[in-house]
Amino acid sequence: MRIAVCAPQVPFVRGGAEIFTDKLVEELRARGHETALVTIPFKWYPGTKVLSQALLWRLADLEESNGSPIDLVVTTKFPSYCVRHRNKRVWVLHQFRQAYELDRTALGQFGDGPPDRALRRSVQTLDRIALAEAVRLFATSRNVAERIERSTGLVAEVMPHPPQELPYRCEEYGDFVLSVNRLDRAKRIDLLIEAAALDPALRVVIAGEGPDRRRLEGLARERGLNGRIEFSGLADEEKLASLYARCLAVYYAPVDEDFGMVPFEAFLSRKPVLTTTDAGGPLEIVTDRRTGLVTAPEADALAAAAGWLREHRGDAEALGAAGHDLAAQVTWDGCIDRLLS
Amino acid sequence: MKIAHYSPMPPEHSGIADYSALLLPALRRRVDVEVIRHGRTRPARDTDLAVYHVGNNPDAHGWIVGALRRRPGVVVLHDFVLHHLVAGLTIGRRDGHGYLDAMEREGGVVGRLLAHGVLDKRIPPLWESRPQEFHLAGEVLALATGLIVHSRHVEERARTAGFEGPIWRIPHPAWPVPELAPERIRGEPLIGSFGNLNSSKRIPQLLEAFGRLRRDRPGARLLLVGAVSPGFDLDRRLQRLGLSGEGILREDYVEEPRLWSLMAACDICINLRAPTMGETSGSVIRQLSLGKPVVVSDVGWFSELSDEVALKIPVGVGEAETLHAALELLARDDGARATMSRAALELARSEHDLDLVAELYAASLEQAAGGEAVAGSVLREVAEAAAEVGIEAGSPEASDLARRLRELELGR
């Protein structure tokens, strides 16, 4: 089949979504499908830019290319699913969250005035229209599927996808907790830093880059944690796999996250995951005392959980092993069979 | 964002007052609301949008139309036929010319002549004899910047009447069921009818059908709750049909808690109506919340209820016979009643959920207040970009752009 995989691109930003779409293209090609990645730059501000950018997708003609029909399109993030196609499959990584659960929070985008309120509703209208056009609608997690149903009334099939391919292994249950994430406020890495401030034995390695790095470094300095918090920046594949292989546990607790691949990556390295009760999607696979520890979103609870794992390394290993069994069930073969059927 | 909310409110005895009292707390969790006190028509300051709840009762809604005249806004059209309201606002205020003009606006010269006939008492009042032919919603529609309606029926009638603005169809919210014990009333089955007793509630047809049912089912009882309308001789009808004995139970107007207890006691609830003014029935909503099988007239909003929750009786020839067959079916088939009951509870829980309704309200009001600015901004940006690459108005490319904008409801 000729397949177009559609994904928006915020120039100079690369994260889980970009890794996912690249991998999806690669896996489709590996199964003999002629596949192209179609991207359009995405800028969601100021004002109504978020809508005019969505219109760009609507104007794209993907019915055919260079005289040959495109059999199927797969779209992922907002607003790529606004594209028109007779055989549109939507695999929603997430909607435009500022228009939904992030509205009227510190992470929100829309003010209280009538134009901003109406703009938010227009984004919701776009979702209702564009997602309803899908021949099949998938969501990367139950959390995302439930949000779609609440906001549009549409029922999406839950289909998580495998994490990026790394040389996953487990070398030890070492003396540090690893955070792998983009450094922005919504990822709540400051909570882990605050936990380290409460537990003098807690060492932390923070992998990733992002706009919140300076603030987080400042917080670590303020708390006098310079020796125990290491900002390792963007890690290449080998370095990242090595960090996973050597850590005690992996911290992953964004606010009401869609899903996130980090827990799967941790599990494939046989490491338990530390998360919080309000983390959203991760809670679908991180179960307290089965595949990790789930605490209240408070620094002292998190510090206590990390301390417990340090004192019970055998349990940490067992939790990681249970997670590994779970992650091993999610394969590209299974996903692509469902996506194209 | 803040809205000015014009509606009758409790303690006024009005279905729309009950409706607003139910909706407002949930709406206030989403939007800042200033409830305008009864009678104030001066536009409220520092509000972004005015919302007017309009029904057919001139005493309850006359002042709201007065406010609407001073500041156009979103109208929640609870009834489509507003003839009685307009008659009250004109003839009721000694403004015969106003009534003539309203009738002419809708019915042309013929309408004006008929209005003269009404003013001269040569023909019966049209709001009683022919309300559906002359809805007189024209002025309200002309002043409305958007409409909120509860049914496709009203939406279609508004469009037919020429309304071109946005219309949001939002279901009537369901009340939370109070924790009250059902009234202990015998009846095999117990059939209930709630609301004023008159011809437009099809009480003659109901009595006839019930009389037939009782011949075969002497244990059946009919509970009639509501005031008897002037000119409707209930007692004489009951006597004629031989129903003056213990088969009929009567209650006049009852307060809300007793209303729920009585409804909860019923096995079947009857809600007949013809002609319809386009209204939604708060009684039916309550009955669905209680999981009661309902029997309705096959008109207006009532027709839009799903077949899983309602048996629908066509109005006109054979009406009483069909109603009797429906009652007999429900009386005999416990399974059918149980299935309808489950469907009713599910419908009330899903479609009529109060939070869902409040969310739909908030969405529509936010779009009404700011949608034009958003649409204008998008259109400006697209038009500028199009002009920069040489796309001219009227060209196929411009048409394609317009089509895509429409598909996504971006820009009106």
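A nonpolar core is a set of buried Ala, Val, Leu, Ile, Met, Phe, Trp, Tyr and Cys residues joined through C-beta atoms within 7 Å. In this predicted model, the largest such core has 167 residues. Chain B is assigned two domains, domain 1 (2–169) and domain 2 (190–350).

**Nonpolar cores**

- Within the largest core, the residues that touch the most other members are B:Val51, B:Tyr52, B:Val75, B:Ile191, B:Val295 and B:Leu365.
- Helix 15 of chain B (residues 354–388) contributes the most to this core, namely 12 residues.
- Apart from its neighbours within four places in sequence, B:Leu365 is in contact with B:Ile3, B:Val31, B:Leu49, B:Val51 and B:Val74.

- A distance of 28 Å separates the C-alpha centres of domain 1 of chain B and domain 2 of chain B.
- Contact between the two involves 16 residues of domain 1 of chain B and nine residues of domain 2 of chain B.

**The side of domain 1 of chain B that touches domain 2 of chain B**

- Helix 1 (15–28) and helix 7 (152–160) of chain B each provide at least two residues of this side.
- Helix 7 of chain B accounts for the largest share, with four residues.
- Sorted by class, this side of domain 1 of chain B comprises five nonpolar, seven polar and four charged residues.

Definitions and conventions. Residues numbered from 1 in each chain as written. Chains lettered and ligands numbered in written order. Predicted model: local features only at pLDDT ≥ 70, side-chain atom pairs only at ≥ 80, totals over all residues. Domains from an automatic or database assignment. Contact = placed C-beta atoms within 7 Å. Nonpolar A, V, L, I, M, F, W, Y, C, P; charged D, E, K, R; others polar. Buried ≥ 20, exposed ≤ 12 C-beta atoms within 10 Å, placed from the backbone.
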